[in-house]
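Dear colleague,

Please find below the structure I promised to hand over. My notes on it follow, and I would be grateful for your reading of them.

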Amino acid sequence: MIRATIYKNDRHEYAGFDISGHAEYSDPGSDVVCAAVSAIVINAINSVERFTDVGTSTVSDEESGKIEFRLKERPSHDASLLLDSMVLGLEQIEDSSEYEPYIDIIFKEV
């Protein structure tokens, strides 16, 4: 199962996220859930880094499926919008009756 932990501060602003695990929906290389989550998350990271001036930190391990992404400062409007888009995509996967057993999204205040 993929676990997505989204971190927000007491002002409900994004602070970062952790993604870990593998969906195991299908065989490696043909797992559409892993592919979708990977594409959404990697695009969000790349977009925040390219289209905003917000400092970030990213640590990843492809083998374990772990990504740790942190914002080093308060998110700009654009960074928040990009992360909102990522969360929307992940929630749409989780809301699907077919894919729901393969992803769990948790929100934590930091």
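Contact here means that heavy atoms lie within 4.5 Å. Among contacts between residues at least 6 apart in sequence, 55% join residues at least 24 apart. Please bear in mind that this is a predicted model.

Overall architecture

The protein contains two helices and five strands, and from the N terminus on these elements run β-β-α-β-β-α-β. Its radius of gyration is 14 Å, close to the 13 Å that the globule rule gives for 110 residues, so the protein is as compact as a globular protein of that length. Along the principal axes, the C-alpha trace spans about 40 × 25 × 20 Å. Of the 110 residues, 39% are buried. The accessible surface amounts to about 6600 Å², and carbon and sulfur atoms account for 47% of that area.

The nonpolar core

The largest nonpolar core has 26 residues, of which Phe 17, Ile 19, Val 37, Val 41, Met 86 and Leu 90 touch the most other members. At least two residues of this core are supplied by each of strand S1 (2-8), strand S2 (14-20), H1, strand S4 (66-71), helix H2 (77-95) and strand S5 (103-109). H1 provides the largest share, seven residues.

Setting aside neighbours within four places in sequence, Ile 19 is in contact with Ile 2, Arg 3, Ala 4, Val 37, Val 41, Gly 65, Lys 66, Ile 67 and Leu 90.

Thr 52 and its surroundings

Thr 52 sits in the loop between helix H1 (32-51) and strand S3 (56-61). Its relative accessible area is 8%, and because the cut-off for a buried residue is under 20%, Thr 52 counts as buried. A polar atom of the Thr 52 side chain lies 2.5 Å from the backbone oxygen of Val 48. Not counting residues up to four places away in sequence, Thr 52 touches Ser 47, Ser 76, Asp 78, Ala 79 and Leu 82.

Asn 46 is found in helix H1 and is partly exposed, with a relative accessible area of 43%.

With kind regards

Definitions and conventions. Residues numbered from 1 in each chain as written. Predicted model: local features only at pLDDT ≥ 70, side-chain atom pairs only at ≥ 80, totals over all residues. Heavy atoms only, no water. Helix = DSSP H or I, 4+ residues; strand = E, 2+ residues; numbered from the N terminus. Buried < 20%, exposed > 50% of the residue type's maximum accessible area, 1.4 Å probe, protein only. Polar contact = N/O pair within 3.5 Å; in protein donor to acceptor, adjacent residues only side chain to side chain. Core = buried A, V, L, I, M, F, W, Y, C linked by side-chain atoms within 4.5 Å. Rg over C-alpha atoms; globule rule 2.2 N^0.38 Å. Areas by Shrake-Rupley, 256 points an atom, 1.4 Å probe, with all protein chains shown as cover.
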